Amino acid sequence: MAGERTGAWFGFGFCGFGQALGSGRGHQVLSPEPLRAPGAGLDICRVSASWSYTAFVTGGGQVELSGSARGAAGGCKDAWASEAFLVVLRPGPGSGPGAELQAWAPGSALRGEPLWAQTVVPEAERKDGPGGGETQAGPLPLLPCVRAYVSPRPPFYRPLAPTLRARRLELGAEHALLLDAAGQVFSWGGGRHGQLGHGTLEAEPEPRLLEALQGLPMTEVAAGGWHSVCVSETGDIYIWGWNESGQLALPTRSLAEDGETVTGEGLNEDGSEVKRVARGENGAPAPFIAVQPFPALLDLPMGLDAIKASCGSRHTAVVTRTGELYTWGWGKYGQLGHKDTTSLDRPCRVDYFVDKQLQVRTVSCGPWNTYVYAVEKEKS
């Protein structure tokens, strides 16, 4: 990731457990600061953040923990942090192509024996699919070259249907999103906040295709606590689910002006739940969207295209094709990076990276914080 130009990781938001977020003074960092990871100078290639700690994976296979959980281990291909346990993927015993999946108690410092371990053997290459081979899976919790994923709740190892050729999988607090090889999106799990995108608030026990997005190939999916985002091949953003803190970039009552009163409730034609309130200035009703159960197209300022997306518990971050970072939603701990603790129901550019002449390449949100990798802009 740090190949062509000088790059670095930055962090901002909640650090009440001592997570490596820049200076880490107090319980929050309000603006991006260079990451002070546990091992100085490490070539970090992946960040996985849970609520109270963060796991950093280096290009050399080192895993470093920061926050309520601390420790380090080598020989790791990938790591995934949750409050229930830390999952690491290591080369399997022997010289075979398999890997070993290990789950550790976060407080174990990766010492002693894992809570459980399982050998992961890649399936034989398929010659009947597009490109003649098996889809190369994305990072954990999706398991590479295996139709299965890791869950923070039992059963921990969950198989996927043979027909699902997964490319990426994201887990929210109660739901899962899967991006397949053809760019189609599937969702399942709890749906009480519309986070599944099927137009209802019902749960789905098995992966179900998002019909509203059929025919629109996607390249990215991201699951927040109770909302969902995906990015299309053409750079469009689709977003749905819970909007309590403005995380859908749709008007929300929690951010409305003081003194407004609810005058009625109902549903929009597209099925979104609406609460209508009277504004103090002219008394005209304005729609506030609490739940959006269908994917809604979101336009970034100036018609910018998106290439990456990530979701926190109740905030959203998007990287544009031009290397800018936009954030919105819940901002109580500075996780939006705008030098304050304000929440926003509209996309707002994080000016820090523009001011520092940096191009953002990727973003990884923890529940209440945000990690960003950026490189120096090319000199003209």
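M302 counts as exposed because its relative accessibility is 70%, where exposed means over 50% relative accessible area, buried under 20% and partly exposed in between, with a 1.4 Å probe and protein chains only. M302 also has a positive phi of about 60° although it is not a glycine, and M302 is found in the loop between β22 (285-298) and β23. This is a predicted model, in which local features need pLDDT of at least 70 and side-chain atom pairs count only at pLDDT 80 or more, while totals for chains, interfaces and linings use all residues. Residues are numbered from 1 along each chain as its sequence is written, and side-chain values use heavy atoms, with hydrogens and water left out.

**Overall make-up**

- The protein has 1 helix and 28 strands, which are DSSP runs numbered from the N terminus (helices H or I with at least four residues, strands E with at least two).
- Of the 380 residues in the protein, 53% are buried, and the protein exposes about 16,500 Å², with carbon and sulfur atoms supplying 50% of that area; accessible areas come from the Shrake-Rupley method with a 1.4 Å probe, and for residues only the protein chains shown count as cover.
- Among contacts (heavy atoms within 4.5 Å) between residues at least 6 apart in sequence, 46% join residues at least 24 apart.

**Backbone exceptions**

- Most residues other than glycine have a negative phi, and most peptide bonds are trans.
- L110, in the loop between β9 (99-104) and β10, has a positive phi of about 60° although it is not a glycine, and L110 counts as buried because its relative accessibility is 10%.
- A cis peptide bond with omega of about 15° joins L140 and P141, and P141 lies in the loop between β10 (116-120) and β11 (148-150).
- The peptide bond from P154 to P155 is also cis, with omega near -10°, and P155 sits in the loop between β11 and β12 (157-159).

**Pocket and cavities**

- On a 1 Å grid over the protein atoms alone, a cavity is a set of points where a 1.4 Å probe fits but cannot get out, whereas a pocket is an open set with protein on both sides within 12 Å along at least five of seven lines, and lining residues have an atom within 4 Å of a point.
- The largest pocket holds about 1,200 Å³ of space, a volume being the space filled by probe spheres set on grid points that are joined across faces, edges and corners.
- Its lining has 47 residues, of which S48, W80, E170, S364 and C365 lie nearest the centre of the pocket, and β3 gives the most to this lining, with 5 residues.
- There are 2 cavities of 30 Å³ or more, and the second largest cavity, with about 30 Å³ of space, has a lining that includes G183, L209 and M218.

**Nonpolar cores**

- A nonpolar core is a set of buried Ala, Val, Leu, Ile, Met, Phe, Trp, Tyr and Cys residues joined through side-chain atoms within 4.5 Å, and in the largest one, of 27 residues, L325, F353 and Y371 touch the most other members.
- Elements that each supply at least two residues of this core include β1 (7-14), α1 (351-355) and β28 (369-376), and β28 gives the most, with 5 residues.
- A second, separate core of 20 residues includes A222, L300, C311 and L344.
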